[in-house]
Amino acid sequence: MTDRLAAVVLAAGKGTRMKSDLPKVLHRVAGKPMIEWVLDAAGTLGADPVVVVTAPDQDAVRAAISGRATTAIQEQALGTADAVKPARDALASIAATGGTVLVLYGDTPMMTPATLARMVEARNGKENPAVVVLGFEPDDPALYGRLVLGADHSLERIVETRDAGPVERDIGLCNGGVMAIDASVLFEMLDAIGNTNVKSEFYLTDIVGIARAAGRRCAVVICDTIETMGVDSRAGLATAEAAMQARLRATAMDNGTTLTAPETVFLCHDTKLGRDVTVHPHVVFGAGVSVEDGAEIRSFSHLEGARVAAGAIVGPYARLRPGADIGAGAHIGNFVEIKNAVIEPGAKANHLSYVGDARVGAKANIGAGTITCNYDGFAKHHTDIGAGAFIGSNTALVAPVTVGDGAIVGAGSVVTKDVPADALAVVRGAEKVIPGGAVRFRASRAKPGKG
Ligand code: UD1
Ligand code: MG
């Protein structure tokens with residue numbers, strides 16, 4: 001026996017109940033397609049090859065995972081045993097040398113590498129079980145296969161609910177779906193599975209009875225119900241999302257991030273939160289965000305593709321879009337949108353601004369209502385603001401344009417020409433003040449006959 005490991009991921013099911021043009025396994029949980037959660041778990045264990053079995057019309061799935069896994073096609077959905085067979089060629093090598101083949105489902109994003117590792121460990125145990133089945137004890141066994149144990153607590157067989165008698169239906173221990181199977185006998189056991197059952201399907205679950213009849217042992221590894229959660233519908237997708245969010249929040253807090261109201265913070269699979277980061281209630285993280293130590297994300301902010309350096313403060317009500325790079329100690333305040341812009345350490349944009357395709361130098365101050373006019377209807381242009389510059393409120397910076405280090409731009413300016421370092425630029429109409437003019441104006445309005 002070798003400890004080689006391969007995996008087959010079943011993804012050929014129709015997913016009809018999703019009522020979607022997107023194949024079921026490409027629906028996302030915490031921003032990552034379900035099938036990628038499964039591939040990542042298999043990858044963590046070093047499974048090689050990983051073979052994803054799809055239906056013939058699932059080009060989108062094959063495209064999405066190309067380079068990550070081998071694919072095989074199940075021509076017709078004839079059951080879970082039939083679904084493993086298309087992987088035969090890809091698994092020829094491990095079948096010859098021996099090892100373990102994990103069978104996984106592409107629609108179970110909550111499955112953890114730790115549980116799979118326990119299954120592989122059980123497979124490699126001294127009793128050399130031919131099949132290790134993942135068991136769980138749901139509140140309602142519903143339509144799950146029931147695990148029938150022998151007197152020695154080893155696994156005797158699996159009975160699908162529809163084929164079970166009343167005694168078997170009373171069994172609370174159910175089949176979670178994942179199996180770890182002896183590669184050297186996998187395909188001969190699959191070939192022995194028939195379809196004489198209520199659904200006329202080739203049940204992978206029959207493999208246990210077949211292994212037992214050949215004198216081999218089978219074993220069960222038990223996991224939390226949540227890990228076996230399969231998604232069949234939009235409601236199921238929302239349930240999986242909630243479970244994944246709970247897991248991501250718990251991990252973030254374990255790693256030293258404060259989430260004041262964790263249930264209101266939405267994380268992405270790749271959100272990186274440093275030590276002593278505080279995330280206030282109602283914050284949403286899209287893909288590709290990292291927040292470094294001690295930074296604070298205040299309520300109602302939305303971040304995506306952004307980095308927030310140590311000690312920076314973002315929000316409340318801030319929007320960081322892809323390419324926002326907020327330097328150490330910088331402040332991004334309410335109703336400020338940053339896109340593809342480097343905000344250098346200590347710079348501030350505290351109110352009502354749009355900063356896009358720009359650099360804001362260290363300790364520069366961006367006044368309320370400042371807008372970088374980065375788009376002329378054809379192309380995007382860059383705005384460069386030097387260190388220590390002061391941009392007065394309600395300034396429009398018409399890119400491409402540069403404001404030098406230490407320069408000051410007066411409030412209400414429309415800046416179209418570069419402002420040199422330490423210069424003062426004011427671009428607005430001169431203010432005209434007429435003493436007593438307001439009094440005369442009111443008097444003119446009060447004259448009879450005038451409207
Ligand atoms: C299966 C198990 C059941 C277990 C349950 C756990 C069998 C016969 N039954 O039942 O014991 O409790 O999972 O969720 O295995 N698939 C294919 N091709 C097919 C059929 C299925 O790729 O021809 C894929 C599906 O896309 C799905 C997975 O296999 O990802 C499981 O199939 P599903 O029909 O959901 O099996 P269950 O009836 O739920
Ligand atoms: Mg199912």
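Ground rules. This is a predicted model, where local features need pLDDT of at least 70, side-chain atom pairs count only at pLDDT 80 or more, and totals for chains, interfaces and linings use all residues. Residues are numbered from 1 along each chain as its sequence is written, chains are lettered from A and ligands numbered from 1 in the order in which they are written, and side-chain values use heavy atoms, with hydrogens and water left out.

Domains. The chain splits into domain 1 (5-228) and domain 2 (234-425). Those bounds come from an automatic or database domain assignment. Taken over C-alpha atoms, the two centres are 45 Å apart. The contact between them takes 16 residues from domain 1 and 12 residues from domain 2. Contact means heavy atoms within 4.5 Å.

Pockets. The method works on a 1 Å grid over the protein atoms alone; a pocket is an open set of points with protein on both sides within 12 Å along at least five of seven lines, and lining residues have an atom within 4 Å of a point. Grid points are joined across faces, edges and corners, and a volume is the space filled by probe spheres set on the points.

The largest pocket has a volume of about 1,600 Å³. It is lined by 50 residues, and the closest to its centre are Lys24, Thr80, Tyr105, Asp107 and Asp232. Which elements give two or more residues to this lining? Helix 3 (80-84) and strand 10 (174-182). Strand 10 supplies the largest share, four residues. Helices here are DSSP runs of H or I, at least four residues, and strands are runs of E, at least two, numbered from the N terminus. By class, the lining of the largest pocket has 20 nonpolar, 20 polar and 10 charged residues. Nonpolar covers Ala, Val, Leu, Ile, Met, Phe, Trp, Tyr, Cys and Pro; charged covers Asp, Glu, Lys and Arg; the others, Gly among them, are polar.

Next, the second largest pocket, with a volume of about 360 Å³. Of its 21 lining residues, Trp37, Arg247, Leu248, Thr251 and His269 are the closest to its centre. Helix 1 (34-44), helix 9 (234-254) and strand 14 (272-273) each give two or more residues. Helix 9 has the largest share, five. This lining draws at least three residues from each of domain 1 and domain 2. Its classes are 11 nonpolar, six polar and four charged.

Stay with helix 1. Met34, Ile35, Trp37, Val38, Leu39, Ala41 and Ala42 are buried there. Buried means under 20% relative accessible area, exposed over 50%, partly exposed in between, with a 1.4 Å probe and protein chains only. After helix 1 comes Gly46, with a positive phi near 80°.

Now the threonines. Thr108 sits in the loop between strand 6 (100-105) and helix 5 (113-123). Its relative accessible area is 4%, so Thr108 is buried. Leaving out residues up to four places away in sequence, Thr108 touches Val38, Glu227, Thr228, Met229 and Gly230.

Thr205 lies in the loop between helix 7 (183-191) and helix 8 (207-213). Thr205 is buried too, at 6%. With the sequence neighbours up to four places away set aside, Thr205 touches Ile158, Glu160, Asn175 and Met179.

Last, cysteines. Cys174 is buried, at 0% relative accessibility. Cys373 is partly exposed, at 26%.

Conventions
1 Å grid on protein atoms, 1.4 Å probe; cavity = no way out; pocket = protein on both sides within 12 Å on 5 of 7 lines; lining within 4 Å.
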